[in-house]
Amino acid sequence: MGLTPTGSVNVNTPSTGSTPHRADQFDVALIIPAATGAPALVLQTIPVVSSELLGGQGFHALIGRDILDRCLFVYNGAVKLFTLAF
């Protein structure tokens, strides 16, 4: 995306154990579209951290509790569907 990092932070993951690795941090805006006619969830500036650890697992992003705290998240594991309301 050609973004310039705004800093870097230490990140601990299950694969790094007790030794953190440095990751670039970026300030981004996040827009989660809503159903037709409803307003979107717009977060103007949030810090995010890049991680190559996720690419090999097929993930493009993880949404943390800092975002989910603003929503109602329901996961129905039996049918592998989720609902996100805000």
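**A pair across two strands**

Analyst: Y75 stands opposite F82 in strand 5. The structure is a predicted model, in which local features need pLDDT of at least 70 and side-chain atom pairs count only at pLDDT 80 or more, while totals for chains, interfaces and linings use all residues. Residues are numbered from 1 along each chain as its sequence is written, and side-chain values use heavy atoms, without hydrogens or water.

User: In which strand is Y75 found, and does Y75 count as buried or exposed?

Analyst: A strand is a DSSP run of E of at least two residues, a helix one of H or I of at least four, both numbered from the N terminus. Y75 is found in strand 4. Buried means under 20% relative accessible area, exposed over 50%, and partly exposed in between (1.4 Å probe, protein chains only). Y75 has 52% relative accessibility and therefore counts as exposed. N76 also lies in strand 4, which covers residues 72-76. Because its relative accessibility is 37%, N76 counts as partly exposed.

User: How many bridges join strand 4 to strand 5?

Analyst: Strands pair if DSSP finds at least two bridges between them. Here 5 bridges join strand 4 to strand 5 (residues 81-85), and the two run antiparallel. Another residue pair to inspect is L72, whose bridge partner in strand 5 is A85.

User: What do strand 4 and strand 5 form, and how many residues are between them?

Analyst: They form a hairpin, with 4 residues between the two strands. K80 is found in the loop that connects strand 4 and strand 5.

User: What is the phi of K80 near?

Analyst: As a general idea, most residues other than glycine have a negative phi. In this model, K80 is a residue other than glycine with a positive phi, near 55 degrees. K80 counts as exposed because its relative accessibility is 66%.

User: In what order do the strands of the open sheet lie, and what is the sense of their pairing?

Analyst: The open sheet contains 3 strands in the order 1-2-3, with antiparallel pairing. Its edges are strand 1 (7-11) and strand 3 (41-49), each of which pairs on one side only. Strand 2 spans residues 21-32, and strand 1 pairs with it over 5 bridges in the antiparallel sense. To locate this pairing in the view, find V9, which stands opposite A23 in strand 2.

User: Which distance separates the C-alpha atoms of N76 and S8?

Analyst: The C-alpha atoms of N76 and S8 are separated by 36 Å, and the two residues are 68 residues apart along the chain.

User: Which pattern does the protein chain follow along the sequence, and what does the C-alpha trace span?

Analyst: The pattern is β-β-β-α-β-β, with 1 helix and 5 strands in total. Along its principal axes, the C-alpha trace spans about 45 × 35 × 20 Å. The radius of gyration is taken over C-alpha atoms, and the globule rule is 2.2 Å times the number of residues to the power 0.38. The protein chain has a radius of gyration of 15 Å, whereas a compact globule of 86 residues would have one near 12 Å. Buried residues make up 13% of the 86 residues in the protein chain.
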